[in-house]
Amino acid sequence: MAHGDTTGPFEKTPGWLDWYDGPSKPQFQLPAGAVDAHCHVFGPGAEFPYAPQRKYTPCDASAEQLFALRDHLGFERNVIVQATCHGADNSAMVDALRRSEGRARGVATVRADVTEDELNELHESGVRGVRFNFVKRLVDAVPTESLATIVEKIAPLGWHVVIYFEADDLPDLYEFFSSIPTDVVVDHMGRPDVTKSPDGPEFELFLRFMRENPNVWTKVTCPERLSVAGPRALDGEQHAYQDVVPFAKRVVEEFPDRVLWGTDWPHPNLKDHMPDDGLLVDFIPQIATTPELQEKLLVTNPGRLYWPEGA
Ligand SMILES: O=C(O)/C=C(\CC(=O)C(=O)O)C(=O)O
């Protein structure tokens, strides 16, 4: 695939899977105003170099390519999340926000010594949150004291905190997460092990975390990352990732006003397969089964968090 060769001066991580070229048109018609609330841009590396401390080197995935996918799938807007391969240099993401003509908001990575001026500039470009990543293969650990400093700095701007962790780590992080006073958005339902029961103790802890903390939201995203048994969103499959459905459906039904959905394009670090993004959109009606739930998941909820002033 041609796009996989465009890494500029960088060499991709061996075995890297490039994003899917020529995705199908979804059969599911997205509601007007739908937001892809979790996606990334990578580079292009020749223009926005990847960070020296990165744990992976992706293929390029530019703002233009993201916006073309948005239009193809039928989304109106994007939330672009800073990817760890760019470290705390948000310039590729900010450049994409500036080019989006108000149709994208961002989630940045910042360090504890970030200044008020820098935060104001990020805000002006469309950033509305910061991401704290606890996935060990992606980042080196940052002390929670530094993260608490960041929270103090971003709270006056009305921003929220996106947290990315694996289910095994929730017990240790539960108290810290519960202490965050801003809105908190959990990536990918806290990455449950879907070979376990959705009614078992591991997922119950995550549900309890959401019940006890009304400021906590979650993205019911990444079935392609969480699924073990498939089937994969390829070759026209309309019932992909059955093993993830009970988890995501349960969350959508219990917390309809605190869920978000996104493609996760360009799907960093998938090892097994690269999904057809059109078929990924067709996953949505399996987990949000009524027009009311779909409207909240795709339009109302991301609107409240990222465009509270109105579209
Ligand atoms: O795209 C995601 O959400 C998941 C990622 C990558 C990531 O978070 C990052 O690079 O910042 C993953 O599990 O490798």
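Predicted model: local features only at pLDDT ≥ 70, side-chain atom pairs only at ≥ 80, totals over all residues.
## Domain and sheet

UniProt, in an unreviewed entry, places the feature "domain: Amidohydrolase-related" at residues 35–306. In the model that span is 38% helix and 13% strand, and its end C-alpha atoms sit 10 Å apart.

The 8 strands make an open sheet with parallel pairing, and the order is simply β1-β2-β3-β4-β5-β6-β7-β8. At the edges you'll find β1 (35–39) and β8 (259–260); each has a single partner strand, so one side of each has no neighbour in the sheet. For a look at one pairing, take β3 (residues 104–108) and β4 (residues 127–133): they run parallel and are joined by 3 bridges. Alanine 108 has valine 130 of β4 as its bridge partner.

## The nonpolar core

The largest nonpolar core has 81 residues, and the ones touching the most other members are Val41, Ile80, Ala96 and Ile163. Helix α2 (residues 91–99) gives the most to this core, putting in 5 residues. The buried residues of α2 are Ala92, Met93, Val94, Ala96 and Leu97. Among the elements covering them are α1 (63–73), β2 (77–81), β3 and α3 (116–125).

Setting aside neighbours within four places in sequence, isoleucine 163 contacts Phe132, Phe134, Phe177, Val184, Val186 and Asp187.

## Around the ligand

Asp187 turns up again here: the residues around the ligand are His40, Ala83, Thr84, Cys85, Leu138, Tyr164, Asp187, Asp264, Pro268 and Asn269. By type, the shell splits into 5 nonpolar, 3 polar and 2 charged residues.

Most residues other than glycine have a negative phi, and most peptide bonds are trans. A few places in this model go the other way.

Glutamate 101 isn't a glycine, yet its phi is positive at about 60°. Glutamate 101 counts as exposed because it has 8 C-beta neighbours inside 10 Å. Histidine 188, also not a glycine, has a positive phi of about 55°. Its loop runs between β6 (184–186) and α6 (201–212). With 22 C-beta neighbours inside 10 Å, histidine 188 counts as buried.

As for cis peptide bonds, one joins glycine 43 and proline 44, with omega about 0°. Proline 44 is in the loop between β1 and α1. Another cis bond links glycine 230 to proline 231, with omega about -10°, and proline 231 lies in the loop between α7 (223–226) and α8 (245–254).

How values were computed
Residues numbered from 1 in each chain as written. UniProt positions renumbered as here; feature names shortened; annotations may be inferred. Helix = DSSP H or I, 4+ residues; strand = E, 2+ residues; numbered from the N terminus. Near = placed C-beta within 6 Å. Nonpolar A, V, L, I, M, F, W, Y, C, P; charged D, E, K, R; others polar. Core = buried A, V, L, I, M, F, W, Y, C linked by C-beta atoms within 7 Å. Buried ≥ 20, exposed ≤ 12 C-beta atoms within 10 Å, placed from the backbone. Contact = placed C-beta atoms within 7 Å. Pairing = 2+ DSSP bridges.
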